[in-house]
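Colleague: Before we look at the details, could you take me through the words used for this model, one after another?

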Amino acid sequence: MNLPIKKLGQHNLAEIINNQDIQTPSYDRVNTQIGIVHLGPGAFHRAHQAVYTENAMNLSGGNWGICGVSLRSVTARNILAEQDYLYTLAILDEEVNYQVIGAIKEVLFASEQSAEVITRMSAASTKLVTLTITEKGYCLAFNGSLDLDNDDIKHDLANPTNPISAIGFIVESLKQRKINGVDAFNLISCDNISKNGEKLRRVVLDYAKQFDVSLQSWIDQNVAFPNTMVDSITPKTEHYTIHSVSKVIGLQDNWPIQRERFTQWVIDNNWQGERPDWQSVGVIFTDDVDGFEKAKLRLLNCLHSTLAYSGLLAGFETVFDVTSDKGFNYFISKLASDEIINSFAPPKELDAKVYGNEIIQRFLNPSIRHLLAQIACDGSQKIQMRVLPIIEDNLALGLPTKLLSLSLACWFEFICNALKEGKEIIDPMANDFANMPKLLSNDICEVVETFLSINTIFSHALRNNILLKVQLVNSQTALRLGEINKINDIVEKL
Ligand code: CS2
């Protein structure tokens with residue numbers, strides 16, 4: 001049984017691992033202070049932002065230790081606390097590399113430690129608060145404002161000093177900083193949301209306004225909310241990951257992270273404030289985040305969701321499996337070339353067609369076992385960021401939408417099948433779908449109308465667009481009648 005990666009001084013760690021191919025923290029980890037609080041320290045944070053911060057400290061030092069705040073699950077805190085918050089990053093590509101990450105110095109579980117969370121977020125030493133809380137964590141109403149009917153928001157408005165939402169923790173700690181004369185921290189959203197910083201700013205200000213307009217104004221004047229784009233394919237950790245990584249490093253790591261080699265972080269550069277030396281380790285600071293963000297959300301994430309729902313309908317399990325199928329590869333390649341790459345203005349340094357082809361090659365990484373079921377979660381939120389904006393833009397520009405409609409119809413059919421088969425639907429709207437009996441209808445026009453009637457997902461314009469309706473009905477009919485495994489035949493007949 002391997003020694004646990006536990007409370008070891010870093011020199012012990014490097015000596016014990018004794019393998020120059022495995023990088024370990026080279027900064028003075030023991031004496032590095034916490035300068036960042038991250039809300040939602042899940043797999044993606046630990047594979048992406050924490051690694052950039054680790055590399056920045058290895059290169060340039062600085063008190064940029066991370067305090068992770070788990071809002072939903074106590075697992076992260078319990079497992080990582082047992083190993084001094086150290087974990088291994090496994091980069092799986094043509095060659096495999098391992099790096100022990102020490103950037104996370106503490107993890108708190110918000111439900112049990114809310115006072116400690118606010119103390120940490122209110123401390124002058126905390127310069128940045130970063131977030132990966134998924135689309136639903138922003139508690140967005142359909143018009144982009146704060147959803148005041150959201151259960152977590154209602155709780156926090158009634159219990160502001162003992163919040164449960166990310167927004168509640170952010171505003172309460174900013175209030176404490178204002179009262180104590182401590183400068184505000186800056187907020188960096190790292191979620192797959194278009195204009196993520198602007199959306200975060202809107203809900204934070206809306207929430208603060210419910211209490212105190214002077215606090216709202218202080219936040220508006222003192223907190224930066226840069227937009228960002230984040231990218232690295234990061235499958236969830238599985239048992240085989242724990243076993244294989246622990247065997248390689250010779251220590252028991254109960255929560256390593258696996259990721260592809262490709263990684264990208266693009267941050268709006270129009271803000272002041274302290275930050276780790278991210279720029280020196282590859283983070284792109286630019287004034288055109290919008291171009292990078294659209295390229296990534298509309299190509300990688302739209303193709304991901306398309307493969308998730310169509311691939312699961314066809315019985316595939318992973319991104320590699322379904323992308324290796326010629327018919328499905330043809331479908332997403334045609335979707336990208338015919339209906340996505342002309343729907344947005346890419347940044348000047350990026351060729352959209354080349355970028356799209358490179359993404360499909362990334363999906364064909366045989367070392368990455370990325371479960372379609374993981375991508376299929378939260379579809380009601382994700383399609384609003386990665387599919388519907390393309391349909392809206394293409395309809396407005398007179399560009400084709402039939403393959404986008406097929407992608408959307410695959411999600412419809414995925415939900416309908418799950419309801420019929422009594423399978424769990426992992427989605428904030430799961431209960432809503434279960435209370436829509438017309439989704440079980442054999443009349444596909446009725447099914448499409450029922451989905452389009454959901455006004456927290458579909459705009460009035462989309463709901464009443466005849467062309468889209470016809471394309472959705474044709475697509476879902478083809479899915480029900482045709483052989484989904486011959487998706488290229490369906491694509492050609494549409
Ligand atoms: C995926 C993303 O689960 C999903 O929705 O599409 O997590 C995707 O792996 C990342 O955005 C890649 O950067």
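Modeller: Two strands are said to pair if DSSP finds at least two bridges between them, and helices (H or I, at least four residues) and strands (E, at least two) are themselves DSSP runs, numbered from the N terminus. This is a predicted model, in which local features need pLDDT of at least 70 and side-chain atom pairs count only at pLDDT 80 or more, while totals for chains, interfaces and linings use all residues. Residues are numbered from 1 along each chain as its sequence is written, and side-chain values use heavy atoms, with hydrogens and water left out.

Colleague: How do you know that E5 and E12 pair?

Modeller: Three bridges link E5 and E12, in the parallel sense, and pairing asks for at least two, so the two strands count as paired. In this pairing Ile91 stands opposite Arg259 in E12.

Colleague: What makes E2 and E12 the edge strands?

Modeller: The open sheet has four strands in the order E2-E6-E5-E12, with mixed pairing, and E2 and E12 (257-259) each pair on one side only. E2 (residues 22-23) is joined to E6 (residues 96-101) by two bridges and runs parallel to it, whereas E5 (residues 87-92) and E6 pair in the antiparallel sense over six bridges. A hairpin of three residues connects E5 to E6, and Thr88 stands opposite Val100 in E6.

Colleague: Why is H8 called roughly antiparallel to H9?

Modeller: The axes of H8 (residues 196-209) and H9 (residues 213-222) come within 7 Å and cross at roughly 155 degrees, where axes are lines fitted to C-alpha atoms, for helices over the stretch in contact, and angles run from 0 to 180 degrees between N-to-C directions. Angles under 35 degrees count as roughly parallel, over 145 as roughly antiparallel, 65 to 115 as roughly perpendicular and the rest as oblique, so H8 is roughly antiparallel to H9.

Colleague: Which residues of H8 meet H9?

Modeller: Contact means heavy atoms within 4.5 Å, and Arg201, Val204, Leu205, Ala208 and Lys209 in H8 meet residues of H9 that include Val213 and Ile219.

Colleague: Why is the chain called as compact as a globular protein of its length?

Modeller: The chain has 23 helices and 14 strands. Its radius of gyration, taken over C-alpha atoms, is set against the globule rule, 2.2 Å times the number of residues to the power 0.38; the chain's value is 23 Å, close to the 23 Å that the rule gives for 494 residues, so it is as compact as a globular protein of that length.
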